[in-house]
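Have the sequence and the 3D view ready.

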Amino acid sequence: MQEAKVAAILGAGAWGTTLAQLLRSNGLEVRQWSRRSETSLAATLAEADLWIMAVSMAGLASVADQVAALQLGDRAIWVSATKGLADLGWRTPSQVLSDRFPLQPITVLSGPNLSKEISQGLPAATVIASRDRHAAAVVQQAFASDRFRVYTNRDPLGTELGGALKNVIAIAVGVCDGLCLGANARSALVTRALAEILRVGAYFGARTETFFGLSGLGDLLATCTSPLSRNYQVGFRLAQGESLAAALTAIAATAEGVSTARVLAQLASREGLELPIAACVAELLDNRISPTTAIERLMARDLKAELVRENQNVASNTLPLAIAEPLAMKKTYVLDTNVLLHDPMALFRFEDNDLVIPITVIEEIDRFKKDLNERGRNARQISRLLDGFRSKGHLIEGITLDHGGKLRVVMLEKTFLEQLPSGLIANANDNAILAVALALQQQNGQPTILVTKDTNLRIKADATGLCAEDYESDKIDFSELYSGTAEVYLAPDQLQVFRREGGLDLSGEFFPNQALTLVDETNLSHTLLGRYRASDRRVVPLIQPPKMGISRIHARNREQQFALDLLLDDNIQLVTLVGKAGTGKTLLAVAAGLHKVADERHFSRLLVSRPIFPMGRDLGFLPGDLQEKLAPWMQPIIDNLDFILGGANNNGDRPSNKQQNYQDLMGMNLLQIEPLTYIRGRSIPRQFMIVDEAQNLTPHEIKTILTRAGEGTKIVLTGDAYQIDNPYVDASSNGLTYVVEKFKNEAIAGHITLERGERSPLAELSANLL
Ligand SMILES: NC(=O)C1=CN([C@@H]2O[C@H](COP(=O)(O)OP(=O)(O)OC[C@H]3O[C@@H](n4cnc5c(N)ncnc54)[C@H](OP(=O)(O)O)[C@@H]3O)[C@@H](O)[C@H]2O)C=CC1
Ligand SMILES: O=C(CO)COP(=O)(O)O
């Protein structure tokens with residue numbers, strides 16, 4: 001990971017100065033600029049790794065324009081630290097930046113961060129939000145310290161809306177406190193405000209859960225409960241009878257809630273959004289109502305239920321009360337072809353929102369339906385599902401799905417295409433789908449979101465002002481993937497009990513079969529290894545491999561010991577091993593499989609398989625019979641078998657009869673190596689089955705494999721989420737990552753992430769650096 005060394009901060013107010021202090025104490029070189037500085041903007045930004053925007057919203061667009069005019073390249077990562085909303089087009093600060101710097105990585109920094117407390121060295125936490133994981137990690141690293149805890153998330157929009165909207169609410173709470181209305185009134189105001197914030201979030205298509213994190217609820221609480229907040233102070237002073245001008249002069253700093261309230265009032269009236277608190281604050285600020293009238297107006301609103309969708313069996317009812325109401329706003333999701341080809345069941349994954357399939361998507365799906373691969377099968381499944389829906393009504397008029405949402409197929413009208421911005425070719429399928437979504441956005445009273453796995457289409461949508469999302473229903477955050485291991489600190493006598501009695505009762509939350517390193521808390525170099533047994537909440541010792549090793553292979557590090565333990569336990573029917581090249585995952589799995597089949601005879605056969613995805617450019621037509629054609633793809637497995645059966649040492653020395661050995665096993669029907677293509681439709685009883693390179697499979701494909709497991713079969717999935725050759729999955733949406741998370745609570749499954757490379761120093765270095 002690239003490390004940030006130089007940061008340029010634009011804005012020399014309270015926040016910019018505090019951010020500079022945080023970065024300097026982490027050893028970064030920091031340059032700060034404001035419109036009054038003597039140093040030039042160009043000199044401040046030149047060669048900096050981070051460009052941090054910390055000017056008030058009022059100056060953000062003009063400062064961004066000045067930076068863009070300098071044309072300094074797109075290497076630096078932007079960090080947007082401003083909290084506000086632009087009055088033109090309701091753009092958030094990072095959107096204003098991305099309009100001008102479309103090629104640069106953009107991150108958002110936001111959280112409960114009253115600058116005064118942070119500059120005094122008091123502890124605080126914040127969020128770095130970005131769609132660009134790498135950029136978020138670099139910025140996280142630059143700011144994180146033992147007094148400033150930095151989290152990341154992938155919802156910059158929700159993160160920024162939380163930060164902008166809480167300023168308005170802080171003004172309202174300041175008024176409430178200034179009028180001495182008490183704690184009950186303040187709590188009611190903050191709670192109802194959360195509903196209002198969520199409503200805005202739903203309108204823009206932000207993620208609901210973001211508003212319950214640090215940048216949402218966290219910042220709302222900090223700003224509404226601390227007199228340090230300038231926005232709160234403005235409200236408090238208004239309640240004391242001061243004019244807005246006098247209040248702003250007195251605080252002598254930015255109170256973003258003033259302009260944000262006006263922007264929200266405009267949004268509410270133009271888009272028909274119910275934002276009573278923001279509307280009242282705006283009227284108060286413009287001196288159209290008094291503080292007392294503002295409060296009276298809020299209290300005199302129509303009586304209504306707190307929970308709008310009571311007694312409906314929908315997911316939102318499991319969420320806190322205040323959020324149910326904003327979720328009542330339905331959205332229209334327009335689905336791209338690649339979403340349905342990736343997951344035909346996507347049709348059922350949008351709760352009670354409305355779904356639209358542009359006719360172009362149907363035509364594209366039709367083109368794939370004869371394919372003999374996964375994509376073809378999914379295309380056929382979509383066609384069958386849509387055909388089945390026809391019995392419920394006309395797809396063009398819309399049919400109601402079981403969850404309550406409407407599904408309709410929308411024809412492409414000429415007028416839709418005419419509305420596309422010039423420069424977008426009307427006869428491209430992507431643009432036709434975009435045109436339908438844009439037209440619906442204009443016709444619809446509800447938020448419209450284009451869902452596509454195509455990054456470029458999402459960028460085009462963004463450029464045309466349409467909200468676009470990746471399809472993430474089966475996505476797992478890879479950076480937070482369950483590792484399968486944990487450390488437990490114990491007293492020396494507890495370690496003795498574990499050793500003496502062959503186990504130890506353990507309190508605490510662990511996953512079934514989680515590998516535990518028991519650390520002596522008085523001597524950290526003294527450790528014992530065990531595995532958590534969930535049935536009786538005990539940690540038990542690992543299975544000891546024979547002295548000769550497993551098929552002569554010995555574990556070389558702790559992670560490999562954990563992996564072998566899972567591989568050797570016959571009660572564990574599913575093992576997942578994730579690790580980069582050279583960590584030994586495939587070798588261990590093959591060694592354990594051979595041992596179980598040939599030595600212990602516990603399984604009737606070792607079946608090793610891998611999906612066929614060429615690495616790099618395809619070789620084209622290959623001569624020979626099936627085995628010969630498959631040889632290049634199966635060679636990595638054969639290399640592992642060579643190594644084990646030939647008893648090769650680490651210098652690569654091997655006896656000359658090695659090839660004979662694995663072919664002997666195949667002749668005896670103890671070993672079978674075959675591509676995954678041949679697995680579908682079969683039942684696989686009493687076999688030790690290894691699926692190598694499982695990161696190239698979709699969740700749906702993995703399901704097909706796991707459901708083939710017959711009586712007494714053990715399945716081992718191995719892979720490296722950073723080496724994906726399948727264009728339809730990524731580190732977070734591939735089947736291997738998906739299975740790790742889905743099975744982590746199951747007693748018949750175990751997982752280990754292997755981090756340490758053991759192949760060679762060069763292999764290890766390459767896997768880390770490249
Ligand atoms: N203070 C805090 O605790 C936090 C603040 N924030 C956010 O950070 C942003 C900045 O806040 P903060 O530093 O506290 O505010 P200050 O009022 O202390 O400073 C504002 C900064 O913005 C600059 N600025 C204001 N208007 C313009 C303009 N029209 N053109 C160019 N520059 C301009 C000012 O320049 P000059 O110095 O020349 O006047 C100054 O550098 C706000 O959006 C705020 O919500 C976020 C988290 C915490
Ligand atoms: O954003 C802030 C705290 O997170 C600062 O709030 P004020 O701008 O109201 O002081």
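A polar contact here is a pair of N or O atoms within 3.5 Å. This is a predicted model, in which local features need pLDDT of at least 70 and side-chain atom pairs count only at pLDDT 80 or more, while totals for chains, interfaces and linings use all residues. Residues are numbered from 1 along each chain as its sequence is written, and side-chain values use heavy atoms, with hydrogens and water left out.

Begin with N113: one of its polar backbone atoms is 3.2 Å from an oxygen atom of ligand 1. The side chain of R36 also has an N or O atom 2.7 Å from an oxygen of ligand 1, and for the side chain of R35 the distance is 3.0 Å. Of the ligand's own 890 Å² of accessible area (Shrake-Rupley method, 1.4 Å probe), the protein covers 85%.

Now look at the two arginines. R35 sits in the loop between β2 (29–33) and α2 (41–45), and R36 is in the loop between β2 and α2; helices (H or I, at least four residues) and strands (E, at least two) are DSSP runs. R35 counts as exposed because its relative accessibility is 73%, and R36 is exposed at 71%; exposed means over 50% relative accessible area with a 1.4 Å probe, protein chains only.

Domain 1 (6–154) and domain 2 (160–300) both contribute residues, so ligand 1 lies between them; the bounds come from an automatic or database domain assignment.

Terms used: Chains are lettered from A and ligands numbered from 1 in the order in which they are written. Buried means under 20% relative accessible area, exposed over 50%, partly exposed in between (1.4 Å probe, protein chains only). A polar contact is a pair of N or O atoms within 3.5 Å; within protein, one must be able to donate a hydrogen and the other to accept it, and residues adjacent in sequence count only if both atoms are side-chain atoms.
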